[in-house]
Amino acid sequence: MDGRLNQSWWALKMTFGLVPIVAGLDKFFNLLTDWTQYLSPWIARMVPASAFMQAVGVIEVVAGLLVLSKLTRLGAYVVAAWLVGIAVNLLTTGHFLDVAVRDVVMAVGAFTLARLSEVRAAEPAAEHRERGALRPAQGHAS
């Protein structure tokens, strides 16, 4: 992979790996913010907000770990879908619309990481095929 794309891939991998982990862990401590304020009222009526946010935190930590593991592509798709879900939740609150827009933009970034991961995974196979095609045939007498 081109060095510039490789740098971009690593920047996205670290961002979409570490940020969900930090945000997920903070669902248990509320140091960054009171996360329950972002929960749609219709969800809060069905389940206790703090318990829901802790479940959200577990999902975010797992998604971040997937991104940081060898399953980057899968993790990035999970993070992208998760961010779209958060944006939809925020839209239903009628508040935090700016945060909803930001989460959609971040979802596009996570999707981009997933697609770059597909390209990265395909490159070694393509290089192997190219090298094999360039070698002279072996074992054939001329």
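I began at Phe96, which is found in the loop between helix 4 and helix 5 (97-134). For helices I used DSSP runs (H or I, at least four residues; strands are E, at least two), numbered from the N terminus.

Before going on, I noted that this is a predicted model, where local features need pLDDT of at least 70, side-chain atom pairs count only at pLDDT 80 or more, and totals for chains, interfaces and linings use all residues. Residues are numbered from 1 along each chain as its sequence is written, and side-chain values use heavy atoms, with hydrogens and water left out.

**Entry 1: Phe96**

Is Phe96 buried or partly exposed? I found a relative accessible area of 26%, so Phe96 is partly exposed. My cut-offs were these: buried is under 20% relative accessible area, exposed is over 50%, and partly exposed is in between (1.4 Å probe, protein chains only).

Next I looked up the backbone, and phi of Phe96 is near 55°, a positive value in a residue other than glycine.

Which residues does Phe96 touch, not counting residues up to four places away in sequence? I listed Gln37, Tyr38 and Leu90. Contact here means heavy atoms within 4.5 Å. Gln37 is 59 residues from Phe96 along the chain, yet their C-alpha atoms are separated by 9.7 Å.

**Entry 2: helix 4**

I then stepped back to helix 4 (residues 72-93), which has 22 residues. From its first C-alpha to its last, helix 4 reaches 31 Å, close to the 32 Å expected at 1.5 Å a residue. The expected span is 1.5 Å times one less than the number of residues.

I looked for buried residues in helix 4 and found several, among them Leu83, Ala87 and Leu90. After helix 4 comes Gly94, whose phi is positive, near 80°.

**Entry 3: Asp103**

My next stop was Asp103, which is found in helix 5. Asp103 counts as buried because its relative accessible area is 2%. Leaving aside neighbours within four places in sequence, Asp103 is in contact with Leu83, Ile86, Ala87 and Leu90.

Where does Asn30 lie? I found Asn30 in the loop between helix 1 and helix 2 (41-44). Asn30 has a positive phi of about 55° although it is not a glycine. With a relative accessible area of 35%, Asn30 is partly exposed.

I also noted a nonpolar surface patch of about 610 Å², made by Leu25, Phe28, Phe29, Leu31, Val58 and Val62. A salt bridge is a side-chain nitrogen of Lys or Arg within 4 Å of a carboxyl oxygen of Asp or Glu. Accessible areas come from the Shrake-Rupley method with a 1.4 Å probe, and for residues only the protein chains shown count as cover.

Leu25 lies in helix 1 (residues 3-26), and Leu25 is partly exposed at 44% relative accessible area.

**Entry 4: the whole protein**

Of its 142 residues, 31% count as buried.

Note on methods
Patches are made of residues with over 30% relative accessible area and no salt bridge: like charges are joined within 9 Å, nonpolar side chains (Val, Leu, Ile, Met, Phe, Trp, Tyr) within 5 Å.
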